[in-house]
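Trainee: I would like to learn how to read strands and helices in a model. Where do we begin?

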Amino acid sequence: MSATADTVRKETLVNIEIDGAALKVRRGDMVIEAADAAGVMIPRFCYHKKLSIAANCRMCLVEVDKVPKPLPACATPVTEGMKVFTRSPKALEAQQGTMEFLLINHPLDCPICDQGGECELQELSIGFGSDHSRFSERKRVVFDKDIGPLISTEMTRCIHCTRCVRFGEEIAGVREMGATGRGENTRIGTYIERALTSELAGNIIDLCPVGALTSKPFRFTARSWEMDTHATVAAHDCVGSNLNAKTRRHEVMRCDPRDNEAINECWISDRDRFSYTGAASTQRLTQPMVKQHGKWHETDWGTALRYAAEGLKKIVGAHGAEQLGVLISPNATVEEHYLAQKLTRALGSQNIDHRLRQQDFADQDAVALYPWLGQSLADLERQHAVLLVGSQINKDQPLLAHRLRKAALNQARIMVVNPVDFDFSFDISHKVITDLAGMEQTLAGIARAVYEHTGKPVPDGLGQLLKPLTISDEQRAIAQQLCGSGERSILLGQLAMMHPRSSTLRALAGAIAAASGATLGMLTDGANGAGAWLAGAVPHRLPAGQHAPVGGYDARAMLALPRRSYLNIGIEPEFDCGYPAQALAAQHQAEFVVALTAYRTATMNEYADVLLPVALSYETSGTLVNTEGRWQSFAATVKAPGESRPVWKVLRVLGNFLDQPGFDYASSEEVRDELKVTLGSSSAAGQLAWRCPNGLAGHDDGALVRVGTVPIYHADALLRRAAPLQQTVDGRGAEVACLNSREAARHGLGEAQQIVITEGERRAVMTLAIDDRIADGVIHIPLATAAAAELGGNGGVIHVVAD
Amino acid sequence: MMPSSHNKLQLSQQARAEIDHWLEKYPADKRRSAVIQALMIVQDEHGGWLTNELMDAVGDYLGLPYIAVYEVATFYSMFELEQVGRYKISVCNNISCMLCGGDEVLDHVKRRLGIKVGQTTADRRFTIKAEEECMAACTAAPMMVINGHYYEHLTADKVDAILDGLE
């Protein structure tokens with residue numbers, strides 16, 4: 001059925017009666033949808049509003065007037081004049097009969113089942129089950145297979161609703177679960193022992209109406225009725241998924257999705273679901289510490305803050321404020337970004353940045369208010385054509401990938417320009433897999449094709465750049481899609497942002513968008529890139545995007561031109577910066593380093609002078625601004641362990657110790673509201689002003705150029721300590737260098753398992769994997785890993801030899 | 001990031017040609033329609049049973065998720081997922097054959113081969129398949145099927161002769 005016909009059908013209303021109440025409902029809706037909308041509860045197991053209709057559990061049987069047999073409400077469309085009885089003797093008898101069948105093989109192990117207390121089967125069996133069983137034969141038993149470190153299976157409890165199977169096929173886009181066997185021997189599972197790979201797989205824990213699929217890290221640690229629920233927001237990507245943190249006393253026991261149709265719908269990524277497991281790391285810092293004469297001492301907050309303040313004052317006093325560099329995590333809250341920049345500027349420095357993985361800042365003055373998606377998250381699923389540039393969106397922003405998948409299933413053309421032929425959960429209609437210079441050339445080619453196609457004027461200076469280019473068929477095809485009808489977007493992903501000449505990519509993408517009428521979207525690193533810009537955690541802008549009269553050093557400059565003192569907030573420079581070796585060297589040479597950190601590492605022991613224990617995202621109150629510009633404030637879910645304090649409080653008191661006025665906030669809300677007042681009604685209307693690139697990079701024939709993505713479970717300090725996530729395929733596979741078989745042969749790597757990677761003076765040893773998805777001339781060495789900490793950043797020229 | 005392709009098993013040239021013959025019968029975007037025939041072809045080529053690797057290879061060739069192939073292979077009793085004998089014997093025990101002495105035929109086969117239903121002889125020549133239902137030869141009951149060949153109006157002597165005639 002065409003979309004228009006479907007809309008017309010849905011807009012017509014019909015009159016029905018449910019349990020005697022007259023209702024007007026949309027034609028074509030199922031009885032269960034009409035009942036849900038009217039607040040009438042019909043029991044169900046297999047029906048789920050986001051999944052296709054299976055009608056295989058039969059729990060939702062209802063009586064319909066003039067129909068001799070009970071009908072499944074989930075698969076019966078409403079018709080004019082229909083009279084439905086959900087609680088009539090006939091309906092109840094059918095529902096009770098179904099329940100009796102379901103309980104035949106279901107074990108009575110509720111007391112040791114993690115689902116106990118929040119189990120749909122348990123709840124409905126109270127209403128529809130009998131208090132004794134007429135079944136005296138043996139119950140079936142299913143032996144479990146290990147499906148990975150995140151999901152625990154107890155398939156004897158399975159009632160074959162197939163929600164998990166449909167989720168894989170329809171939502172995750174990776175069919176990994178299935179129903180094998182037949183009749184009584186039917187079982188749900190992976191058939192062979194194979195860990196689930198979807199980055200959304202954890203959602204089947206919530207979908208499972210019984211205790212067959214439960215959270216493995218949570219297993220046997222708490223009962224549902226012992227826990228409190230606290231609303232919070234996930235702080236790992238720019239989506240800002242809504243979470244319910246389930247806490248017992250002062251510990252987060254589990255994270256579940258909180259429905260928000262506009263953001264995460266009813267899903268969350270495994271990253272957001274299981275990251276809490278990193279909070280209890282043995283590296284957790286719980287007491288302020290200072291280093292005196294090379295020795296670390298635990299101390300109280302007063303002493304530590306005084307020591308930190310004295311040290312910072314000394315450097316600033318003796319060498320000038322520009323010798324202070326402040327590096328703050330892009331996952332920090334708006335309040336933290338705001339206070340950090342306020343403190344930095346109060347001390348006379350402008351050197352503050354959150355763009356730790358970005359290398360090219362040439363166009364930072366061209367950014368409107370902050371880089372953003374250019375549209376709402378929900379708009380993504382209405383696209384007709386999307387060009388992804390430098391993005392493995394399934395790993396970087398799993399729930400945005402889900403929106404694109406919906407668009408793709410609705411016939412959208414999704415196209416990519418990437419240095420690696422990444423796997424996506426949707427079909428790609430056109431792709432260009434090329435090295436870093438090739439990405440620029442490709443966008444330039446597409447731009448030229450767009451100008452040819454539309455006849456629009458070429459902006460100043462660009463014509464010269466595009467003139468020598470020839471347009472490939474693929475570039476022309478992409479350009480045509482981008483100039484087509486309907487909603488169209490160009491999305492610059494994390495890899496585009498980390499590109500050594502990312503300003504060129506941004507300028508070309510902006511030019512293509514402007515000429516083709518597509519929307520330009522930028523997917524920033526971390527959870528609060530937008531908030532950081534708004535709060536002024538950038539060297540060239542004050543809060544609310546006001547121009548900074550005196551510019552400061554950006555993140556890269558602060559590390560390339562080492563400062564005498566650093567204030568690190570929530571980061572591990574060797575993992576969170578895009579050029580780790582330089583970052584770490586800069587820290588080591590500094591005279592005085594203050595780190596606000598939740599963890600203490602051996603590396604920090606060496607370079608830092610003061611370690612201040614701080615709360616993790618869900619242990620603090622604050623606000624995150626997601627990529628569509630939505631502000632989401634939340635309260636702390638638990639108290640941070642030991643002497644840890646929220647970052648905003650530490651910065652506020654550090655401001656007092658540094659004798660700065662205006663650091664007297666009583667709550668994080670006061671900080672936020674101060675920024676909101678400054679911000680007034682400014683909003684991110686624009687995206688990027690035109691700024692002509694200096695030129696296009698040419699291919700360096702024969703060179704092996706480094707491309708590094710951030711592995712999904714290595715993106716921040718909390719994730720790197722989340723043991724269950726580290727045990728997944730994505731977690732374990734992170735410390736591997738990959739290149740294609742042609743490059744391996746060209747560099748004589750033959751059967752090598754280990755390779756020695758050199759980049760100038762720097763050297764690292766890594767496991768090698770041959771992966772033909774990687775473009776020629778490219779070696780993929782992920783960032784944020786131990787080996788990568790020894791090396792520079794994206795675009796580095798690499799030499800390899802077998803170890 | 002881990003490479004997604006490992007050293008995968010490839011179907012033989014012959015098997016692929018035979019599967020292609022079936023694929024021609026279906027629309028180009030409905031390759032999964034050929035999954036049963038593909039599994040039959042691969043099973044026959046591999047001595048009457050399927051391994052996980054072979055099922056994965058069928059999945060790769062038809063562009064199906066592996067689990068979708070496992071679902072089909074585990075649903076139908078004609079697919080063997082463990083090694084079986086060279087001859088797969090299915091003695092009908094449905095109503096018509098049962099009334100005409102099918103159970104006695106089955107007992108005779110079991111006695112003669114010295115194995116139970118579902119087992120394989122030590123020399124890997126014979127397997128008696130479990131619980132075979134009506135194979136649509138009621139007019140010739142009792143009957144059995146060996147590797148696709150129908151043997152009808154069975155008696156103990158006839159069964160002996162048939163089994164003696166197999167290598």
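Mentor: With a term: two strands count as paired if DSSP finds at least two bridges between them. The model shown is predicted. In chain A, strand β15 (residues 324-328) and strand β22 (residues 565-569) pair in the parallel sense over 5 bridges. Within that pair, V326(A) stands opposite L567(A).

Trainee: In what order do the strands of the open sheet in chain A run?

Mentor: In general, strands of a sheet pair through backbone hydrogen bonds, either parallel or antiparallel. Here 7 strands form the open sheet, in the order β14-β13-β24-β23-β22-β15-β16, and the pairing is mixed. At the edges stand β14 (295-298) and β16 (352-353) of chain A; each has a single partner strand, so one side of each lacks a neighbour in the sheet.

Trainee: Which strands of chain A does helix α20 lie across?

Mentor: Helix α20 (residues 580-589) of chain A lies across β15, β22 and β23, running at about 125° to β22(A). Helix α22 (residues 647-657) of chain A lies across β22, β23 and β24, at about 145° to β23(A).

Trainee: Why is α12(A) described as largely enclosed by the rest of the structure?

Mentor: An α-helix has 3.6 residues a turn, so residues three or four places apart point the same way. Of the 19 residues of α12(A), 14 are buried, so the helix is largely enclosed. Helix α12 (residues 436-454) of chain A reaches 27 Å from its first C-alpha to its last, close to the 27 Å expected. Just after α12(A), G455(A) takes a positive phi of about 70°.

Notes: Residues numbered from 1 in each chain as written. Chains lettered and ligands numbered in written order. Predicted model: local features only at pLDDT ≥ 70, side-chain atom pairs only at ≥ 80, totals over all residues. Heavy atoms only, no water. Helix = DSSP H or I, 4+ residues; strand = E, 2+ residues; numbered from the N terminus. Expected span 1.5 Å × (residues − 1). Buried < 20%, exposed > 50% of the residue type's maximum accessible area, 1.4 Å probe, protein only. Contact = heavy atoms within 4.5 Å. Axes fitted to C-alpha atoms, helices over the stretch in contact; angles between N-to-C directions.
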